[in-house]
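This report examines the structure shown below.

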Amino acid sequence: MVTGGAGYVGSVVAAHLLEAGHEVTVLDDLSTGFREGVPAGAAFIEGRIQDAERYLDPSYDAVLHFAASSQVGESVANPGKYWENNVGGTLALLAAMRSHGVRKLVFSSTAATYGEPTEGLLTEDSVTKPTNPYGASKLAVDHMIAGECAAHGVAAVSLRYFNVAGAYGEFGERHDPETHLIPLVLQVALGERESISVFGEDYPTPDGTCVRDYIHVADLAEAHLAALEAATAGEHLICNLGNGNGFSVREVVETVRKVTGAEIPEVVAPRRAGDPAVLVASARTAHERLGWTPARSDLTGIITDAWNFTRKHRS
């Protein structure tokens, strides 16, 4: 079962699972996902993870869990929604898994669990100190899963994503509202937005703008399939997923200019509170434990895939 499999990452993972020969059921309430995002060949249940007891049964081998509210700003304004959906929903999902004897779980976690790190290259041993309810809810779920593994022998892997981007065939980003840099810059290229805001140009980085780690969504999907194979009974494994290389905001904007041929006007704005200068993942654990290495780390390729998807779905 793929919860949240009508969303961006969940749909790409569901497609990869089908291509690998798995039988897939997508559970999604379509609050942020799209029915057309469910890959052909997957069964679909429109429902909430809070009702997972009704939908799971002992025939399932594993759950890949993406269903969550994921907007940082909204989580600050409406934290109760994030505790109810992300923590309460996962609690219900874990109870359903226990009830039906489903013993394997891959969880969509996030780099937001680390908060505002002081070091640039983050490992799984870096301090977790989330600065918003979204990150806190994901960290709480990681703790819940660890307890479930210890008490009930569940085999679980939490994958902490950094900046996911790109597209895979018919599956790409369609968030509303959109908060991710690459699709926002592509909106400027399409004429849907007048300019892109650059929040701070005085950071201690080569061009003064923030540096982030971008990972192609197809590489991310392959890590989930590897995690399914690597999950070990009684263990909760946590892996960062990133390229280990960073690109600045201005590098992203300039690459979009090259890919699209658009001018992309910039507007410099004040720094945003809580934005670290550099945020890059060490994916050494994923390499050692999952046998996973990203194969699509080229920024031009990531943006080209995203641009092709965006143009197609705007026409």
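## Cysteines

The sulfur of Cys 149 lies 13 Å from the closest cysteine sulfur, that of Cys 239, which is too far for a bond; a disulfide is counted where a pair of cysteine sulfur atoms lies within 2.5 Å. For Cys 239 the closest cysteine sulfur is likewise that of Cys 149, at 13 Å and too far for a bond. The count of disulfides by this rule is zero.

Cys 149 has a relative accessibility of 2% and so counts as buried. Cys 239, at 0%, also counts as buried. Here buried denotes under 20% relative accessible area, exposed over 50%, and partly exposed in between, with a 1.4 Å probe and protein chains only.

## Basis of the model

The model is predicted: local features need pLDDT of at least 70, side-chain atom pairs count only at pLDDT 80 or more, and totals for chains, interfaces and linings use all residues. Residues are numbered from 1 along each chain as its sequence is written, and side-chain values use heavy atoms, with hydrogens and water left out.

## Overall fold

The protein contains ten helices and 15 strands, assigned as DSSP runs numbered from the N terminus (helices H or I, at least four residues; strands E, at least two). Its radius of gyration is 19 Å, close to the 20 Å given by the globule rule for 315 residues, so the protein is as compact as a globular protein of that length. The radius is taken over C-alpha atoms, and the rule is 2.2 Å times the number of residues to the power 0.38. The C-alpha trace spans about 55 × 45 × 40 Å along its principal axes.

Of the 315 residues, 54% count as buried. Among contacts (heavy atoms within 4.5 Å) with a separation of 6 or more, 78% join residues 24 or more positions apart.

## Annotated domain

UniProt, in an unreviewed entry, places the feature "domain: NAD-dependent epimerase/dehydratase" at residues 1–239; such annotations may be inferred rather than shown by experiment. The end C-alpha atoms of this span lie 21 Å apart, and the span is 36% helix and 19% strand.

## Helix α6

Helix α6 (residues 181–189) is largely enclosed by the rest of the structure, because nine of its nine residues are buried. Among them are Leu 181, Pro 183, Gln 187 and Ala 189.

The buried residues of α6 pack against the strands β8 (163–165), β9 (196–199) and β11 (214–216), and against the helices α8 (249–260) and α10 (299–314). Just after α6, Gly 191 adopts a positive phi of about 85°.
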